[in-house]
Amino acid sequence: MKKFLDSNIKFKNQTVTERMQLFNHKNKEFPLPTEIEISESGTCNRKCSFCPRSADDFEDIKEFISKELVNKIANELSELDYRGVIRFSGFVEPLLDKKIFEHIHTFKRICPKSRIEIVTNGDPLNKKRLKKLFESGLDKILISVYDGKEDVVKFQNMIGELKLKEDQYIVRDRSLPPEQDFGITLSNRAGMMENAEYQILKTSSPLKNPCYIPSYTLFFDYLGDVLMCPHDWGKKIILGNLKKEKLIDIWFKERSIKVRNALTNSNRNFSPCNVCDVDGTLMGKKNAEYFK
């Protein structure tokens with residue numbers, strides 16, 4: 001049984017519902033992805049014990065998303081009048097990208113109705129950079145603090161000096177002990193945690209409950225690969241590539257819809273879902289029901 005449940009899940013659930021946009025596809029209405037999550041590089045400055053990066057065989061790649069790809073995606077979302085969330089997060093530390101401010105500005109300029117968020121460990125963050133993020137168009141920053149209460153206070157003071165509003169930030173203490181799940185809603189990352197420092201085994205058999213995540217989230221990495229789910233660290237299911245295809249075409253691909261429907265119907269009998277321990281029902285049920 002999970003000991004820790006991220007308090008931000010309640011807010012995300014509300015966002016997924018309120019920002020749903022319907023799109024006419026083949027004379028039927030379906031929801032667009034409410035969340036676009038971008039894993040915009042191949043690198044991180046940390047190897048946390050509860051992350052697949054702590055495994056000896058996990059490759060760190062110091063490459064970043066291109067300006068051209070960011071512009072392409074922003075323009076495609078603009079054509080859809082996109083009003084959902086665009087979040088820089090994924091398998092990486094977004095603030096290692098020197099062009100992160102430019103990327104945020106691009107999305108906000110071209111997709112002004114969207115909500116731009118970033119998830120960071122805070123290590124590269126200072127007052128000047130924090131201010132520049134919001135000047136570039138950022139709507140919310142989620143800072144995951146791994147080094148203890150002193151850093152929590154440091155970031156809270158930094159935020160106070162800039163007079164950020166409550167809905168513009170979350171500071172999350174991730175330095176709790178293992179018996180409190182480190183302050184994280186832990187998962188086995190679709191089976192990728194077996195060789196990590198903090199080992200979480202694959203499930204011995206598929207979970208029996210549905211998973212709605214692919215029905216409201218479109219996740220892609222710096223290469224343009226669109227993954228089925230943000231938990232698929234092994235990239236077992238790649239639905240398409242944004243350098244070669246349009247985002248909307250990948251979202252409505254036959255394979256994409258089949259995966260959503262299988263998971264909505266509690267069918268996890270395929271890799272990597274057959275070894276994944278993520279609940280998947282905490283939000284997005286309404287989105288999933290449209291595809292059924």
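Trainee: Where is Thr 15 found?
Mentor: Helices (H or I, at least four residues) and strands (E, at least two) are DSSP runs, numbered from the N terminus. Thr 15 is found within residues 8–18, which form helix 1.

Trainee: What kind of model is this?
Mentor: Residues are numbered from 1 along each chain as its sequence is written, and side-chain values use heavy atoms, with hydrogens and water left out. Local features need pLDDT of at least 70, side-chain atom pairs count only at pLDDT 80 or more, totals for chains, interfaces and linings use all residues, and the model is predicted.

Trainee: Does Thr 15 count as buried or exposed?
Mentor: Buried means under 20% relative accessible area, exposed over 50%, and partly exposed in between (1.4 Å probe, protein chains only). Thr 15 has 7% relative accessibility, so Thr 15 counts as buried.

Trainee: Which residues does Thr 15 touch, not counting those up to four places away in sequence?
Mentor: Contact means heavy atoms within 4.5 Å. Beyond those sequence neighbours, Thr 15 touches Thr 34 and Val 85.

Trainee: Are helix 2 and helix 3 roughly parallel or roughly antiparallel?
Mentor: Axes are lines fitted to C-alpha atoms, for helices over the stretch in contact, and angles run from 0 to 180 degrees between N-to-C directions. The axes of helix 2 (residues 67–79) and helix 3 (residues 100–110) come within 9 Å and cross at roughly 20°. Angles under 35 degrees count as roughly parallel, over 145 as roughly antiparallel, 65 to 115 as roughly perpendicular and the rest as oblique. Helix 2 and helix 3 are therefore roughly parallel.

Trainee: What residue classes meet where helix 2 contacts helix 3?
Mentor: Helix 2 brings residues including Val 70, Ile 73 and Leu 77, and helix 3 brings residues including Glu 102, Phe 107 and Ile 110. Ala, Val, Leu, Ile, Met, Phe, Trp, Tyr, Cys and Pro count as nonpolar, Asp, Glu, Lys and Arg as charged, and the others, Gly among them, as polar. The contact has six nonpolar, five polar and three charged residues.

Trainee: At what angle do helix 3 and helix 4 pack?
Mentor: Helix 4 covers residues 127–136, and its axis is 8 Å from that of helix 3. The two helices are roughly parallel to each other. They pack at an angle of about 25°.

Trainee: Which residues of helix 4 make the contact with helix 3?
Mentor: Helix 3 contributes Phe 101, Ile 104, His 105 and Lys 108. Helix 4 contributes Arg 129, Lys 132, Leu 133 and Ser 136.

Trainee: How many aromatic pairs does the whole structure hold?
Mentor: Rings of Phe, Tyr and Trp (its six-membered ring) pair if their centres lie within 6.5 Å; planes under 30 degrees apart count as stacked, over 60 as edge-to-face and the rest as tilted. A search of the whole structure finds eleven.

Trainee: Why is the pair of Phe 50 and Phe 182 called tilted?
Mentor: Phe 50 lies in the loop between strand 4 (41–42) and strand 5 (61–64), and Phe 182 in the loop between strand 9 (169–173) and helix 6 (213–216), so the pair ties together parts 132 residues apart in sequence. The ring centres are 4.8 Å apart. The pair is tilted because the planes are at 40°.

Trainee: What angle do the planes of Phe 182 and Tyr 198 make?
Mentor: Phe 182 is buried, with a relative accessible area of 10%. Tyr 198 is partly exposed, at 26%. Their pair is edge-to-face, 4.9 Å centre to centre, with the planes at 90°.

Trainee: Which peptide bond is cis, with omega near 0°?
Mentor: Most residues other than glycine have a negative phi, and most peptide bonds are trans. Pro 272 is found in the loop between helix 8 (254–264) and helix 9. The cis bond runs from Ser 271 to Pro 272.

Trainee: What is phi of Lys 163?
Mentor: Lys 163 lies in the loop between helix 5 (149–162) and strand 9. Lys 163 is exposed, with a relative accessible area of 71%. Its phi is positive, near 55°.

Trainee: Which residues is Lys 292 in contact with, leaving aside neighbours within four places in sequence?
Mentor: Lys 292 sits in the segment after helix 9 (285–291). Lys 292 is exposed, with a relative accessible area of 61%. Its C-alpha atom is 9.3 Å from that of Ala 262, 30 residues apart along the chain. The contacts are Asn 261, Thr 264 and Asn 265.
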